[in-house]
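The structure is shown first.

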Amino acid sequence: MLVVEGLAAGYGRVQVLHSVSLHVRRGEIVTLNGPNGAGKTTLLNAIMGVVTPRNGRIRLRDRDLAGLGPERMVHLGVGYVPERRQIFASMTVLDNLWLGAYHRSGRQEKRTILQDMEQVFSVFPILRERERQVAGTLSGGQQQMLALGRALMAKPDILLMDEPSLGLAPLVVAEIMRVIADLRRNGMTILLVEQNAKAALAIADRGYVMEGGRIALEGRGKELLADERVQRAYLGGRTVRDEGARP
């Protein structure tokens with residue numbers, strides 16, 4: 001579905017990504033973990049066309065994406081849930097969802113858009129209850145649900161998500177991860193940037209770990225979850241071997 005090859009990108013004179021390569025197969029959840037400043041968000045921005053790559057290739061279904069901007073990426077079937085949600089805070093929940101489908105707003109599409117909105121409401125019933133509420137007055141968890149629902153309204157084939165658990169309570173994080181896993185079971189392809197490595201790798205098919213703008217590790221989700229280097233660096237706890245060494 002998505003292939004990144006030898007990607008270099010940055011801002012001004014600062015190069016953030018150094019020859020990054022990864023791939024996402026159709027129907028997978030692939031996670032991208034790593035510390036702050038590792039280049040995870042820059043990588044998503046480069047895929048979406050927000051940042052122009054300096055070198056390398058990005059291909060979606062064997063189509064070269066060089067030079068395409070965010071609007072064109074949405075038309076090609078790439079959805080994006082940005083870090084810190086970036087909803088339209090002064091607009092209602094309903095208006096935010098309609099804006100997610102802006103590129104499908106012809107008369108013939110209206111009926112389908114309404115059906116898709118019903119699907120979003122079935123995934124997040126609280127959004128139906130709050131559909132007339134100004135989005136900026138929602139809780140953090142509800143705003144994250146709205147950001148995800150807005151992205152789904154674009155009917156993407158692949159969904160890029162940037163730190164969906166950021167700043168949320170553990171119970172809300174568990175619910176968001178459950179929804180992400182359900183989307184994959186229903187056929188969605190997902191590239192998930194997430195600093196909560198334990199939660200992300202638990203639902204992932206495969207994962208990559210970034211350090212200093214490069215891919216440092218890659219493997220299946222459960223393999224990375226059990227990797228001592230990942231446990232020490234990102235899970236904040238003792239490894240299984242450490243536990244066994246306790247007196």
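The model is predicted: local features require pLDDT of at least 70 and side-chain atom pairs count only at pLDDT 80 or more, while totals for chains, interfaces and linings use all residues. Residues are numbered from 1 along each chain as its sequence is written, and side-chain values use heavy atoms, with hydrogens and water left out.

**Sheet and packing helices**

Helices (H or I, at least four residues) and strands (E, at least two) are DSSP runs numbered from the N terminus, and two strands pair if DSSP finds at least two bridges between them. An open sheet with mixed pairing contains 6 strands in the order β6-β7-β8-β3-β9-β10. Because β6 (78–81) and β10 (214–220) each have a single partner strand, one side of each of these edge strands is left without a neighbour in the sheet. On average, neighbouring strands of this sheet are turned by 15 degrees against each other, direction ignored. Axes are lines fitted to C-alpha atoms, for helices over the stretch in contact, and angles run from 0 to 180 degrees between N-to-C directions.

Strand β3 (residues 29–33) runs parallel to β9 (residues 206–211), and 4 bridges join the two. Asn33 stands opposite Val209 in β9.

Helix α1 (residues 40–48) packs on the sheet, touching β3, β6, β7 (158–162), β8 (189–193) and β9; contact means heavy atoms within 4.5 Å. The direction of α1 makes about 145 degrees with that of β7. Helix α7 (residues 170–185) also packs on the sheet and touches β3, β7 and β8, its direction making about 150 degrees with that of β8.

**Salt bridges**

A salt bridge is a side-chain nitrogen of Lys or Arg within 4 Å of a carboxyl oxygen of Asp or Glu.

Arg184 in helix α7 and Asp205 in the loop between α8 (197–203) and β9 are 21 residues apart, and their pair links distant parts of the chain.

Relative accessible area under 20% is termed buried, over 50% exposed, and in between partly exposed (1.4 Å probe, protein chains only). Arg25 is partly exposed at 45%, whereas Glu28 is buried at 9%. Likewise, Lys155 is partly exposed at 42% and Asp116 is buried at 7%.

A network of salt bridges links Glu5, Arg57, Arg59 and Asp62.
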